[in-house]
Amino acid sequence: MLALRGDMQSVHGMQTSHPFLANDYHIRWSTLAADHVEADIDKALEVAEVNLKKLRELDDSELNYQNTFEALENASEELDRAWGRLNHLDSVCNDEGQRAALNAVLPRVTGFYAAIPLDDAIWTKLKVFADSRALQDLDATRRRYVEETCASFIQSGANLPADKKSRVAEIQSRLSEVTQKFGENVLDSTNAWELVIDDESRLAGLPESAKAAAAADAEVKGKEGMWRFTLQYPSMGPVMQYADDDDLRREIWEANCTIGRDGDFDNTDLIWEILNLRQEKAELLGYKNFADLTLERRMARNGEAALKFTEDFHDRIVESFEQDTEELQAWKAEQTGMTPGPMQPWELGYWAEKRRKAEYDYDEEELRPYFPLPRVMEGMFGIVSKLYNIRIEERETGADIETWHPECCFYDLFDNASGDLLGSFYADWHPRESKRGGAWMNYFETGLPPMDGAPREPHLGLMVGNMTKPIGDKPALMDHREVETIFHEFGHLLHHLLADVTVKSLSGTNVAWDFVELPSQIMENFCWDRESLDLFARHYQTGEPIPGALYQKMVAARNYMSASSFMRQLGLGKLDLDLHVKLDDYRGRDLDEVDREILADYKAPLATDGPTMARRFSHLFSSPTGYAAGYYSYKWAEVLDADAFTRFQKEGILNPGTGQAFRETILSKGNSAPADELYEEFMGRAPDQTALLERSGLA
């Protein structure tokens, strides 16, 4: 979908009559009620249609950049704003009224967006200008926007005959409906299950932090003196890793297998419909498959190249992966006096953790006291402030700065050199039943640098997660993986907030999808280096840094079973790509059987086969495109981040010069130049896979 924005009609007065359209920088969340949705969306559609009508009716003799491509970018600002806010609320504050309102307007909105590149009159005006000599008078960024927009129109069907255009529009509309339903099923089936325990002996092995969280959760539900567990990761994760009770782990594993699978929440048929619609769309547009369509303008270029990348890595680490599996089976057998063999899926995490503790004398829970959320945030801000010459200030929330939930925080980010406010952002870190799982970054407003006599327009973004909650008078104490997640999402956010691009549609994270994870994943490196860790990893009571001996254990255990975690990521990418590249091989078959066939060499043998995770794989199936045919990009970008971080290691982890170079060549540039050019500008060469294999202990 095009990222269309604009200001061709004033929204003066819409703050009260159409709150979803209000252009307040500090959003009035309290006004965004479900009963405003239909009227506001319809008003935004009306405004957008008026703006597009002006473009259609232009005389060819008067065409210029401002009244064609810039006008197109600006045409639907109100709709983009309202739709973005509504979908955000659907992710963090889901309720029946809001869900019904969103689904009521969904066909109209998706139909509008899908129709733009299929509109002959609009496409004709754009082509006339794009083919004119005036194109050469534009600066490089605006020329790139023209080229990218034309390529996007063609990929969306602009050159198709009328009957095929009509079918593409129908497909896009249906994809929006079924992917929305997929996401709702995942959320609802996650929330449909709970386990309340009244026998504390069943909790043997669980860390005190996990027990306290479960007790607090039970108390909120009116079950004082008991322990409540859910399928949110901060609740179920510690059970699967630490609980001695095998039956308890099995019960939670079996419950987790029901997400998107059972009863009214079964996503099986939706998955096949989504895959078939995507394939049909690709074929209508002249591509062999959806992966080729999706990846044409990404770094991988096509599905076969992405598959080759995935399968080559598989071949390089498969021996290490098999060794991981055999060693864990043997260790469990030694501890239990049993014969080595395939383990149950609910045993893997538990025995892997026990072996790690035995071999490295390392327990992740020892680190929690050193990662209180407020100090993690403060230290992370300190790291990026030094690297990128910025400062971040938390703002008090309340009447002047509202949030969508009391747990949210709000921050401003300033450039130290100019003093400019570059942008602001929200942070929302703890799970709720109304909030979808996982962690993500997004944005509400894309700003602009100072130009044509106008001052800077700041960006506005957000980062969201489902991390460990605070308990009683203690702050939220994170495990190390949660800390990495916070740094990861903040890396995405910096990509948005530090963007300095003169065309909004090319700004920030609007880059090739297999490049978008570089700024996020490079931030995770600062969660491992001693110098950067000491800036934020401090005991919540004493303020002491992580003891040297504990840090050495943490580093030594970093690559414990790294081939297994590496292979899991490759497997998710392989499942995604095979379904989108080789759909004819699998269509009409049992989904779980297909999963087992695709991932036969990517999963450890198990005593019990679980169902495919595809039914809850929201990255692939909860939006018309999302990470579909692109999940490989996490590993692709890991190659980039490991390689790029070698420059930081060589020149100084917190070297402001290196940080400024990364800000100028990567973070500030968005999609104003091709991704491979930006990377080579920073590193002086093409990426090298060696650094990732070395970092993972697999070279």
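Trainee: Is Gln155 buried or exposed?
Mentor: Gln155 counts as buried because its relative accessibility is 12%. Buried means under 20% relative accessible area, exposed over 50%, and partly exposed in between, with a 1.4 Å probe and protein chains only.

Trainee: Before I go on, what kind of model is this?
Mentor: This is a predicted model, in which local features need pLDDT of at least 70, side-chain atom pairs count only at pLDDT 80 or more, and totals for chains, interfaces and linings use all residues. Residues are numbered from 1 along each chain as its sequence is written, and side-chain values use heavy atoms, leaving out hydrogens and water.

Trainee: What is the mean pLDDT of the protein chain?
Mentor: The mean is 96, and 98% of the residues reach 70 or more; pLDDT is the predictor's confidence in each residue, from 0 to 100. Over residues 1-13, though, the pLDDT is below 50, and this stretch has 42 contacts in the model beyond near neighbours in sequence. Where pLDDT is low, the predicted coordinates should not be read in detail.

Trainee: Good to know. Switching to helices, which residues of H20 are buried?
Mentor: In H20, residues 548-556, the buried ones are Leu550, Tyr551 and Met554. They cover an arc of only 100° around the axis, so they sit on the same side of H20; the arc is that of the directions from the helix axis to the C-beta atoms. Ala549 and Gln552, on the other side of H20, are exposed.

Trainee: What do the buried residues of H20 pack against?
Mentor: They pack against helix H17 (480-497) and helix H19 (530-533).

Trainee: How about H23: which residues are buried there?
Mentor: In H23, residues 591-598, Leu591, Asp592, Val594, Asp595 and Ile598 are buried. Their arc around the axis is only 160°, which puts them on the same side of H23. Their cover includes helix H12 (268-284), H21 and helix H22 (583-586).

Trainee: You mentioned H21. At what angle does H21 pack with H14?
Mentor: H14 (residues 303-336) and H21 (residues 562-581) pack at about 150°, with their axes 9 Å apart. Axes are lines fitted to C-alpha atoms, for helices over the stretch in contact, and angles run from 0 to 180 degrees between N-to-C directions. H14 and H21 are therefore roughly antiparallel to each other, a label for angles over 145 degrees.

Trainee: Last topic: where is Lys603, and which residues is Lys603 in contact with, leaving aside neighbours within four places in sequence?
Mentor: Lys603 is in the loop between H23 and helix H24 (618-621). Lys603 is in contact with Phe321 and Asp595, and is partly exposed, with a relative accessible area of 42%.

Trainee: And what about the phi of Asp361?
Mentor: Asp361 has a positive phi of about 50° although it is not a glycine. Asp361 lies in the loop between helix H15 (348-360) and helix H16 (373-388).

How values were computed
Helix = DSSP H or I, 4+ residues; strand = E, 2+ residues; numbered from the N terminus. Contact = heavy atoms within 4.5 Å. Parallel < 35°, antiparallel > 145°, perpendicular 65-115°, else oblique.
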